[in-house]
Amino acid sequence: MDKVSASAAEAVADIPDGASLAVGGFGLSGIPDVLIQALHAQGATGLKVVSNNCGVDGRGLGVLLADGRIARVTGSYVGENKEFARQYLSGELEVELVPQGTLAERLRSGGAGIPAFYTPAGVGTQVARGGLPWRYAAGGGMAAVASPPKETRDFAGRPHVLEYGITTDYALVRAWRGDRHGNLVFRRSAANFNPLAAMAGRITVAEVEELMEPGELNPDEVHLPGIFVQRVVALTPSQAADKRIEKRTVRT
């Protein structure tokens, strides 16, 4: 039951080329930065990433992206990464944009064993009609791969779009506290997509700021039970404290 790995490098050592990854975080809040850095050092490439966003230039998933290690991204917001935009528009990167709430529910559904669901989000748009450019032709311009049309169905007289649950080979997440059994507690807004990403991964690796012994966590405070987590990495105090802010706003 002791799921603690000796290091972040050990925890991601078996992630192969072409693996799919669900990655927690929102912007730079709650990103599993230590695991991402370890994966960057490990060398896996051709990765298929599911994450709300793809980090920023030089931080988070942006580090993997800059080295051309990500082949496909399923996400919601990509506006803070110039290299992401360059790769997408030049045909180097495949991108599936998903409404944010839909992405959250697709991850949760996948983790809960629900294969598909209907949602009103996206009705009447290209999300439902299809034709969104997933990949541009080399050099940009025309779409080489476009999203397919989605099945729609009326419920109580209102149209809904069929969306599929997401499961991935691995998930990388960050938690505030976690014990050796993999039970996790997230702190404030850093929870964001972390519990959902953790549920979706077949093998979930969690970096934790504070490692607790079994029994030390109040069961009523656990946000994600250890059944969803296979590996735990305890961060050093300096790693736990290294948290960046995307846009710092202060009074003049």
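Analyst: On a 1 Å grid over the protein atoms alone, a pocket is an open set of points with protein on both sides within 12 Å along at least five of seven lines, a cavity is a set of points where a 1.4 Å probe fits but cannot get out, and a lining residue has an atom within 4 Å of a point. Grid points are joined across faces, edges and corners, and a volume is the space filled by probe spheres set on the points. The model is predicted, so local features need pLDDT of at least 70 and side-chain atom pairs count only at pLDDT 80 or more, while totals for chains, interfaces and linings use all residues. Residues are numbered from 1 along each chain as its sequence is written, and side-chain values use heavy atoms, with hydrogens and water left out.

The largest pocket has a volume of about 330 Å³, and among the 18 residues that line it, Ser29, Gly30, Ala190, Glu209 and Lys243 lie nearest its centre. Its lining holds six nonpolar, three polar and nine charged residues, where Ala, Val, Leu, Ile, Met, Phe, Trp, Tyr, Cys and Pro count as nonpolar, Asp, Glu, Lys and Arg as charged, and the others, Gly among them, as polar.

Because Glu96 lies in strand β4 (residues 94-97) and Arg72 in strand β3 (residues 70-75), the pair ties together parts that are 24 residues apart in sequence; strands here are DSSP runs of E with at least two residues, numbered from the N terminus. Glu96 counts as buried at 11% relative accessibility, and so does Arg72 at 17%, since buried means under 20% relative accessible area, found with a 1.4 Å probe on protein chains only. Both residues belong to a network of salt bridges that links Arg72, Glu94, Glu96, Arg106 and Arg135.

Note on methods. Helices (H or I, at least four residues) and strands (E, at least two) are DSSP runs, numbered from the N terminus. Buried means under 20% relative accessible area, exposed over 50%, partly exposed in between (1.4 Å probe, protein chains only). A salt bridge is a side-chain nitrogen of Lys or Arg within 4 Å of a carboxyl oxygen of Asp or Glu.
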